[in-house]
Amino acid sequence: NGNRTVEFPAAPYNTPWFGDNTTSNLFPNGLAPITPIIIAGTLTVDNNWNLLNNPNVFFSKNASIVLKGNNQTFTVNNSSLRGCNYWQGILADKITQTLNIQNSLLTYMSIKIPITGSTMTDGITGVSLKNGANCIIKNNTFVNNWWTSILLQKYNGIYNGIIEGNTFTAEGLTLATVNGLPTWGDKYNHYGITIENMKDATIG
């Protein structure tokens, strides 16, 4: 951990940064600071963690937030999560985990495909909810995210997550299309929401 400025020109001077770590270690009371912070590695959410009223949360290239274990809830409200370069998004992959993201801005999320992966959705991409991980994702703005902003994947039950009132956009770009579909050569926001291998899901 330390302070960085050159790699993160959008961050205020001397913003503290955190490399690979856990939320229980960095924020044992379950609350992120409301002052600017930089996530510069994998931040593992291993307690109930709240990121509230912070407009200055920055992510380095390849940074990510990953929920680990059972019964974790990660709450984001009235905050801005911004990539200084492409970061690799947020992952919850257990039915006992919950992502609660509301009234927030999420930008420049990309995709991480594991070495053993063969498809785009084998990795983390945007806000990834797998295996029935629960969510409340309401009234957010997703800007300039590459491939998809929200991924629902791999659940054979009735999915009760709530996704509504969100805006998906790419600033200043016109996406090229082939047969009416975005081409893989484009950078941003091919899809707002992608649903794959799900028995049932309701959006809106």
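**View A. Asn139 is partly exposed, at 42% relative accessibility.** Relative accessible area sorts residues into buried (under 20%), exposed (over 50%) and partly exposed (in between), using a 1.4 Å probe and protein chains only. You will find Asn139 in the loop between β17 (134-138) and β18; strands here are DSSP runs of E with at least two residues, helices are runs of H or I with at least four, and both are numbered from the N terminus. Although Asn139 is not a glycine, its phi is positive, at about 60 degrees. The model is a predicted one, in which local features need pLDDT of at least 70 and side-chain atom pairs count only at pLDDT 80 or more, while totals for chains, interfaces and linings use all residues.

View B. Look for Asn14 in the loop between β1 (2-3) and β2 (16-18). With a relative accessible area of 40%, Asn14 counts as partly exposed.

**View C. Lys138 and Glu164 meet through their side chains in a salt bridge.** The N to O distance is 3.5 Å, and the term asks for a side-chain nitrogen of Lys or Arg within 4 Å of a carboxyl oxygen of Asp or Glu. Lys138 belongs to strand β17 and Glu164 to strand β20 (residues 162-164), so this pair ties together parts that are 26 residues apart in sequence. Both partners are partly exposed: Lys138 has a relative accessible area of 23%, and Glu164 has 30%.

**View D. Lys94 and Asp93 form a salt bridge with an N to O distance of 3.8 Å.** Lys94 is partly exposed, at a relative accessible area of 33%, and Asp93 is partly exposed as well, at 27%. A search of the whole structure finds two salt bridges.

**View E. The rings of Phe18, Phe27, Trp49 and Phe74 are linked into a cluster.** Rings of Phe, Tyr and Trp (its six-membered ring) pair if their centres lie within 6.5 Å; planes under 30 degrees apart count as stacked, over 60 as edge-to-face and the rest as tilted. By this rule there are seven aromatic pairs. One of them is the stacked pair of Trp49 and Phe74, with 5.0 Å centre to centre and 15 degrees between the planes. This pair bridges distant parts of the chain, with Trp49 in strand β6 and Phe74 in strand β9, 25 residues apart. Trp49 and Phe74 are both buried.

**View F. Phe142 and Phe168 make a stacked aromatic pair.** Phe142 sits in strand β18 (residues 141-143) and Phe168 in strand β21 (residues 167-169), so distant parts of the chain, 26 residues apart, are linked here. Phe142 is buried, at 0% relative accessibility, whereas Phe168 is partly exposed, at 28%.

**View G. Strand β9 (residues 73-77) runs parallel to strand β6 (residues 49-52) and to strand β12 (residues 98-102).** Four bridges join β6 to β9, and five join β9 to β12.

**View H. Seven strands form an open sheet with parallel pairing.** Their order is β3-β5-β8-β11-β16-β19-β24, where two strands pair if DSSP finds at least two bridges between them. The edge strands are β3 (21-22) and β24 (191-200), each pairing on one side only. Within the sheet, strand β5 (residues 42-45) and strand β8 (residues 64-67) pair over four bridges in the parallel sense. Here Thr42 stands opposite Ser64 in β8. Strand β19 (residues 148-158) holds Ser149, which is buried, with a relative accessible area of 0%. Stepping back to the whole protein, the secondary structure comes to one helix and 24 strands, and 47% of the 204 residues count as buried.

Conventions
Residues are numbered from 1 along each chain as its sequence is written. Side-chain values use heavy atoms; hydrogens and water are left out.
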